[in-house]
Amino acid sequence: MDEKELLNAIGTMLTERLKPIENKLEDVDKRLDTIEGRLDVIERRLDAMDKRFDVIEGRLDVIEGRLEAMDEHFAEIDAHLLRIDKHLGEIDEHLAIVDKSIARLNMEVKVVRLTLESETSVNIMRIGEGHLDLSRKLTETIHIANVIDTKMENMSLYINKHEREINEIKVRLAMGEKAV
């Protein structure tokens, strides 16, 4: 396997390992979009409640004017104020529910942020460190292989030279024995 194939294999492996993380991030983005939508709905409801409060304040001003003008309608006005108090109590209950929902959503967002910061970032760093180690080891291995190849070629030349010299010595010896 050459260096290019090894790098391609490492790239493919990293891509496959990052796919689940990317999928989780997409899920988190979808959840955050849903949360933003819910917060928009809550904001619209709060705006509507503000308008209702403005209407209620206007009514109370009218009631105060009538109270000053008409003392005989105290009983009717008291009943009306009780109904308004009941509605304000219901609004308070709804606001308490909205506050709880917002607090829960804030907690979920914090959990998602902490997960992203603590797990995803660490895992990406680990993958990067592993890739650097593999790249460094590959470079070292290629260098050692090149050194070994060079030494093997030199040794082969050295052996060939000595074989030739030995063969020449054998031929001389053989010629010397025949001459005697």
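Tutor: A salt bridge is a side-chain nitrogen of Lys or Arg within 4 Å of a carboxyl oxygen of Asp or Glu. The model is predicted: local features need pLDDT of at least 70, side-chain atom pairs count only at pLDDT 80 or more, and totals for chains, interfaces and linings use all residues. Residues are numbered from 1 along each chain as its sequence is written, and side-chain values use heavy atoms, with hydrogens and water left out.

Student: How many salt bridges does this rule give, and which side chains meet?

Tutor: Side chains of opposite charge can pair when their charged atoms come close. The rule gives a count of one salt bridge. Its N to O distance is 3.1 Å, and the side chains are those of Arg 104 and Glu 108.

Student: How far apart in helix α2 are Arg 104 and Glu 108, in helical turns?

Tutor: Helices are DSSP runs of H or I, at least four residues long, and strands are E runs of at least two, numbered from the N terminus. Arg 104 and Glu 108 are four residues apart in α2, so their separation is about one helical turn.

Student: Is Glu 108 buried, exposed or partly exposed?

Tutor: Buried means under 20% relative accessible area, exposed over 50%, and partly exposed in between (1.4 Å probe, protein chains only). Glu 108 has 35%, so its class is partly exposed.

Student: How many helices and strands does the chain have?

Tutor: Helix α1 spans 3-69 and helix α2 spans 74-179. The chain comes to two helices and zero strands.

Student: What is the radius of gyration of the chain?

Tutor: This radius is taken over C-alpha atoms, and the globule rule is 2.2 Å times the number of residues to the power 0.38. The C-alpha atoms fill a box of roughly 160 × 20 × 20 Å along the principal axes. A compact globule of 180 residues would be near 16 Å, but the chain has 43 Å.

Student: Is Thr 120 buried or exposed?

Tutor: Thr 120 sits in helix α2. Its C-alpha atom is 9.7 Å from that of Lys 24, 96 residues away along the chain. With 16% relative accessibility, Thr 120 counts as buried.

Student: Which residues does Thr 120 touch, not counting those up to four places away in sequence?

Tutor: Contact means heavy atoms within 4.5 Å. Leaving out residues up to four places away, the partners of Thr 120 are Ile 21 and Thr 115.
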